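Student: I am new to this structure. Could you take one part of it and walk me through it closely?

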Amino acid sequence: MSNGPVSGNGIACTLPQGKTALWTATAQATNNQFVQLRDSRGNIIFTATGASVDGHSPTPIGNGSFVAGDPSNNYMLYIGTNGGASWSQVIWDDLPLTYSGTTKISSYNFISEDSSDQDFNDLWLSLTWFDHVG
Ligand SMILES: [Ca+2]
């Protein structure tokens, strides 16, 4: 199952207010990748940029964690190249893992194609929120 390809110029996703989320971004591309999450008011939650060290190998370009604070739970994700000068095509899905009616974690995966070879690995973002941390 998956959604897309869709334009990386704003993909709606939800993160429950108060939950802690972890993210990691990996490039496999020559082009300078760009990924940014914004809340419903346009505030930037995180940004990562970078290319593969050698133009093709999987290269971490950022990671972090934050507590989702938007009361609406609504966020927009942007994936492109060169600071958003162009937008990539993105395939994505969300995998919730539940126990006894509670979502324990939910993991979004986004993979992008920044050109034409259709490998859909130029930027990979994993974004996971936890019901409980610690
Ligand atoms: Ca590609």
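Tutor: Start with two terms. Strands are DSSP runs of E with at least two residues, and helices are runs of H or I with at least four, both numbered from the N terminus. Two strands pair if DSSP finds at least two bridges between them.

Now the ground rules. This is a predicted model, in which local features need pLDDT of at least 70, side-chain atom pairs count only at pLDDT 80 or more, and totals for chains, interfaces and linings use all residues. Residues are numbered from 1 along each chain as its sequence is written.

Six strands build it, in the order 1-9-10-11-3-6, with antiparallel pairing. Strand 1 (3-7) and strand 6 (59-67) stand at the edges; each has a single partner strand, so one side of each lacks a neighbour in the sheet. On average, neighbouring strands here are turned by 20 degrees against each other, direction ignored. For such angles, axes are lines fitted to C-alpha atoms (for helices, over the stretch in contact), and angles run from 0 to 180 degrees between N-to-C directions.

What holds paired strands together? Strands of a sheet pair through backbone hydrogen bonds, either parallel or antiparallel.

Walk across from strand 1. Three bridges join strand 1 to strand 9 (residues 89-99), in the antiparallel sense. Ser7 has Gln89 in strand 9 as its bridge partner.

Next comes strand 10. Eleven antiparallel bridges link strand 9 and strand 10. Find Thr98: opposite it, in strand 10, stands Thr103. Strand 9 and strand 10 form a hairpin, with two residues between them. In that turn, Ser100 has a positive phi of about 50 degrees.

Strand 10 (residues 102-113) and strand 11 (residues 123-130) run antiparallel, joined by eight bridges. Here Asn109 stands opposite Ser126 in strand 11.

Now step back to the whole protein. There are zero helices and eleven strands. The radius of gyration, taken over C-alpha atoms, is set against a globule rule of 2.2 Å times the number of residues to the power 0.38. For this protein the radius is 15 Å, close to the 14 Å that the rule gives for 134 residues, so the protein is as compact as a globular protein of that length. The C-alpha trace spans about 45 × 30 × 25 Å along its principal axes.

Last, contacts. Two residues are in contact if their C-beta atoms, placed from the backbone, lie within 7 Å. Among contacts between residues at least 6 apart in sequence, 67% join residues at least 24 apart.
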